[in-house]
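Morning, everyone. Please look at the picture first.

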Amino acid sequence: MNSQGEKVMKKENFLNYIKMLEEVRHLIKPQRYRFILAESLVSYFYTFKKSPTEIKNNTNIILEGRNIDEISLGFVRNIIEKVEGK
């Protein structure tokens with residue numbers, strides 16, 4: 001599968017994950033939901049963008065649209081380190 005096809009597949013899987021997360025949102029404490037969603041968004045955007053600032057900005061746009069508090073650049077850097085296995 002080519003790179004574009006893999007990105008489409010990742011996007012579909014990610015959107016399904018977010019949809020399932022929304023379905024169980026009422027079972028999760030608000031702060032935990034924010035963390036899970038933000039961590040997922042950062043990991044997803046990291047596959048397309050390498051700039052922590054761009055990742056933070058894109059993540060915060062989505063969080064803001066859901067009336068969830070924004071994340072910091074430090075949060076993004078911690079998740080990137082976790083994804084990279086450092």
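The chain has 4 helices and 0 strands. Going along the sequence, that gives the pattern α-α-α-α. Keep in mind that this is a predicted model.

Some totals for the chain. There are 86 residues, and 28% of them count as buried. The accessible surface is about 5,900 Å², with 53% of that belonging to carbon and sulfur atoms. Now take the contacts between residues at least 6 apart in sequence: 51% of these join residues at least 24 apart.

Next, the packing, starting with helix 2 and helix 3. Helix 2 covers residues 30–46 and helix 3 covers residues 52–65. Their axes are 9 Å apart, and the packing angle is about 135°. The two helices are therefore oblique to each other. Their crossing is right-handed.

Which residues of helix 2 meet helix 3? On the helix 2 side they are Leu-37, Ala-38, Leu-41, Val-42, Phe-45 and Tyr-46. On the helix 3 side you have Ile-55, Asn-58, Thr-59, Ile-62 and Leu-63. Sorted by class, this contact of helix 2 with helix 3 has 9 nonpolar residues, 2 polar ones and no charged ones.

Helix 2 also packs against helix 4, which is residues 73–84. Here the axes come within 10 Å and cross at roughly 65°. The crossing of helix 2 and helix 4 is right-handed.

From helix 2, the residues in this contact are Phe-35, Ala-38, Glu-39, Val-42, Ser-43 and Tyr-46. They meet Phe-75, Val-76, Ile-79, Ile-80, Lys-82, Val-83 and Glu-84 in helix 4. By class, the contact of helix 2 with helix 4 has 9 nonpolar, 1 polar and 3 charged residues.

Is Glu-39 buried or exposed? Its relative accessibility is 18%, and the cut-off for buried is under 20%, so Glu-39 counts as buried. What is Glu-39 in contact with, once we leave aside its neighbours within four places in sequence? The answer is Phe-75, Ile-79 and Lys-82.

Note on methods:
Residues are numbered from 1 along each chain as its sequence is written. This is a predicted model: local features need pLDDT of at least 70, side-chain atom pairs count only at pLDDT 80 or more; totals for chains, interfaces and linings use all residues. Side-chain values use heavy atoms; hydrogens and water are left out. Axes are lines fitted to C-alpha atoms, for helices over the stretch in contact, and angles run from 0 to 180 degrees between N-to-C directions. Angles under 35 degrees count as roughly parallel, over 145 as roughly antiparallel, 65 to 115 as roughly perpendicular and the rest as oblique. A crossing is left-handed if the near helix is turned anticlockwise from the far one by less than a right angle, and right-handed if clockwise. Contact means heavy atoms within 4.5 Å. Ala, Val, Leu, Ile, Met, Phe, Trp, Tyr, Cys and Pro count as nonpolar, Asp, Glu, Lys and Arg as charged, and the others, Gly among them, as polar. Buried means under 20% relative accessible area, exposed over 50%, partly exposed in between (1.4 Å probe, protein chains only). Accessible areas come from the Shrake-Rupley method with a 1.4 Å probe; for residues, only the protein chains shown count as cover.
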